[in-house]
Amino acid sequence: MSNLTITVEAPELTAAILRLADAMKGNTVPAAAPASVPSVPMPAVREPIQQPAPVAPVQQAPAVPVTVPPTMQPAAPAYPAPAPAAPVAAAPAYTLDQLQVAIGPLMDAGKAPQLQGLLAKYGVQRMPDLRPDQLPAFAADLRGLGARI
């Protein structure tokens with residue numbers, strides 16, 4: 001801990017500071033101040049603020065329904081009409097024969113293990129076991145392996 005020493009070279013300021021410190025401690029200010037020290041006005045002491053008396057709650061009036069005439073109702077925002085959806089072409093229907101022709105070049109390219117994995121993905125051992133609804137997705141997967149369908 002360090003000490004701080006302040007030296008004031010103005011005797012009137014020193015007297016005023018001492019009087020202020022005494023006033024803040026609750027001590028009385030000396031009656032006879034040196035003649036060379038001007039009197040410093042003391043801050044007024046304020047009374048503590050009293051709490052206001054509790055106020056009774058105000059009862060709200062019952063809600064009254066309000067009818068807005070149709071002429072005063074806000075207009076619906078004008079949004080542009082949605083663009084008509086582009087026609088989506090149905091997935092092409094493939095026959096089992098078309099798919100079997102498409103796997104020939106894949107077999108020649110050494111992709112038999114990938115084709116076996118593809119059949120396992122659809123839960124079948126051989127292509128004739130594929131259901132008709134599985135054929136479009138199977139054809140897309142064959143295209144992913146490089147088949148030309």
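Author: In this predicted model, local features need pLDDT of at least 70 and side-chain atom pairs count only at pLDDT 80 or more, while totals for chains, interfaces and linings use all residues. Residues are numbered from 1 along each chain as its sequence is written, and side-chain values use heavy atoms, with hydrogens and water left out.

Reader: Which residues of α3 meet α4?

Author: Contact means heavy atoms within 4.5 Å. Helices are DSSP runs (H or I, at least four residues), numbered from the N terminus. From α3, Gln 114, Leu 115, Leu 118, Leu 119 and Lys 121 meet Phe 138, Asp 141, Leu 142 and Leu 145 of α4.

Reader: How is the geometry described?

Author: Two packed helices are described by the angle between their axes and the distance between the axes. Axes are lines fitted to C-alpha atoms over the stretch in contact, with angles from 0 to 180 degrees between N-to-C directions. Here α3 (residues 112-121) and α4 (residues 135-145) have axes that come within 11 Å and cross at roughly 155°. The two helices are therefore roughly antiparallel, a term for angles over 145 degrees.

Reader: What aromatic pair does the structure hold?

Author: Rings of Phe, Tyr and Trp (its six-membered ring) pair if their centres lie within 6.5 Å, and planes over 60 degrees apart count as edge-to-face. A search of the whole structure finds one pair. Tyr 122 and Phe 138 are edge-to-face, 5.5 Å centre to centre with 70° between the planes. Tyr 122 lies in the loop between α3 and α4 and Phe 138 in α4, so the pair ties together parts 16 residues apart in sequence.

Reader: Are Tyr 122 and Phe 138 buried or exposed?

Author: Both Tyr 122 and Phe 138 are buried, meaning under 20% relative accessible area with a 1.4 Å probe, protein chains only.

Definitions and conventions: Angles under 35 degrees count as roughly parallel, over 145 as roughly antiparallel, 65 to 115 as roughly perpendicular and the rest as oblique. Rings of Phe, Tyr and Trp (its six-membered ring) pair if their centres lie within 6.5 Å; planes under 30 degrees apart count as stacked, over 60 as edge-to-face and the rest as tilted. Buried means under 20% relative accessible area, exposed over 50%, partly exposed in between (1.4 Å probe, protein chains only).
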